[in-house]
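Here's a quick tour of a protein chain, from its overall build to the place where its parts touch. Take a look at the picture first, then read on.

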Amino acid sequence: MDTHISEFSRDLGVGERAFLVKARANEIRAQGHDVIELEIGEPDFTTPRNVREAIKSAIDAGMTHYEIVPGNKRFREVIAAYVGRTRKIDVSPDEILVTGGAKSAIFYSLLTVVKPGGFVMMPDPTYPVYKSVVQGIGALAAKIPLKEENNFRLDIPEFRSMFNTKSGFLSSVLIFCSPQNPTGGIFAKADLEVIAEEAKEREIIVIADEIYSRLLYGVEHESIMSIPGAAERTVMIDGFSKTYAMTGLRLGYAVVKDKEIYNAMKKIAGNDQSCVSACLQQGGIEALTGPQDAVDEMRSEFEKRKRVIVAGLNTIPGIHCNDPVGAFYVFPNVQGLMEKKGFEKADQLADALLETAYVAGLSGTAFGSYGEGHMRFSYANSIENIEKAVERIRKFGAM
Ligand SMILES: Cc1ncc(COP(=O)(O)O)c(C=O)c1O
């Protein structure tokens with residue numbers, strides 16, 4: 001035996017490059033440079049006071065012990081009512097699995113339904129953890145290309161034609177997020193209807209990551225769960241990190257109507273997390289049942305920042321930035337700027353911006369090969385910093 005590493009650990013991808021870039025940004029800052037961080041998807045707001053108070057009171061009330069694996073009964077009732085209301089479906093608390101962040105729900109669901117040697121359809125570019133875990137399991141990604149000229153919506157004819165290819169035909173699972181990371185685009189209702197139709201016809205399990213469902217600007221959230229007949233074959237994932245600025249608290253959930261899948265995911269959760277912190281689940285109850293003013297304020301602040309970053313980037317020669325409708329990312333086309341600087345890859349541009357202009361962003365290829373020619377900037381930062389970053393990029397481009 002030449003290695004102690006399992007095939008799973010060997011093949012698992014690095015996941016989110018944002019954490020690596022963040023570490024590098026910290027090093028550069030430690031050398032005395034003022035780095036503007038637009039790489040990580042983390043709201044810069046404080047967790048709402050009522051949620052913090054609920055968690056603190058729960059600790060004082062002794063909620064520092066184990067909870068049952070799927071989650072506190074009352075919390076699951078609250079989540080079921082919330083999902084039922086927002087997705088216009090019937091949901092039972094027994095269909096909810098509370099997890100340590102949406103990421104754990106992604107992990108448990110993929111471990112449950114993906115088989116080694118299989119194929120999993122997923123958009124490209126998309127949240128990199130999907131492919132990372134699929135690879136770890138020994139399966140392959142069947143890429144659904146998302147294009148700027150299509151506003152990163154599903155290209156319906158192209159999607160349908162994928163089923164004539166080996167990877168599409170053999171796919172038994174499809175995972176996507178909408179609103180999307182990294183593009184800020186969405187799958188519209190018509191796109192979701194096609195996914196639901198093909199999934200039913202081909203007996204595909206759909207994993208719908210809706211973590212950005214409350215961060216939309218001027219459009220309503222559309223969930224595949226609302227399409228008749230789709231909920232039964234869907235694992236829907238949502239969480240508290242983005243909506244309630246709770247990234248470090250680690251709270252999310254999966255909604256699973258298929259009992260076999262639900263029980264399998266619960267078994268994995270029981271072997272892994274045992275339960276999510278009991279006091280934190282009380283914070284989750286408060287988040288969903290308490291006042292929503294903080295959520296509305298954060299969203300309207302994000303919308304202002306979005307206008308600033310989109311307008312600013314579009315004034316820089318060699319950059320074209322679509323106006324995204326969701327999440328807190330822009331995914332500008334930077335091909336012109338790359339050519340001007342003699343870069344063939346967006347990776348080179350991202351590195352140069354960080355190392356010489358002290359602006360941390362991510363190369364579009366951190367989200368898949370179709371992200372080439374793009375960068376992702378998170379606008380979860382102050383308007384002042386966004387404006388400063390835009391000026392630094394402009395200066396860098398002009399040099
Ligand atoms: C699409 C998507 N899903 C899931 C997550 C992870 O969320 P959580 O913090 O709840 O694990 C992220 C975080 O960036 C994300 O962008």
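Let's start with the parts list: 15 helices and 12 strands make up the chain's elements (DSSP runs numbered from the N terminus, H or I of at least four residues for helices, E of at least two for strands). The chain's radius of gyration, taken over C-alpha atoms, is 21 Å, close to the 21 Å that the globule rule gives for 399 residues, so the chain is as compact as a globular protein of that length. That rule is 2.2 Å times the number of residues to the power 0.38.

Keep in mind that this is a predicted model: local features need pLDDT of at least 70, side-chain atom pairs count only at pLDDT 80 or more, and totals for chains, interfaces and linings use all residues. Residues are numbered from 1 along each chain as its sequence is written.

Of the 399 residues, 49% are buried, meaning 20 or more other C-beta atoms, placed from the backbone, lie within 10 Å of a residue's own.

Now for the domains, whose bounds come from an automatic or database domain assignment. Domain 1 covers 7–46 + 293–398, while domain 2 covers 53–289. Their C-alpha centres are 25 Å apart. Here is what each gives to the contact (C-beta atoms, placed from the backbone, within 7 Å):

| Domain | Share of the contact |
|---|---|
| domain 1 | 38 residues |
| domain 2 | 36 residues |

On the domain 1 side, helix H12 (293–314) is one of the elements that give two or more residues, and H12 gives the most, with six residues.

Definitions and conventions:
Contact = placed C-beta atoms within 7 Å. Buried ≥ 20, exposed ≤ 12 C-beta atoms within 10 Å, placed from the backbone.
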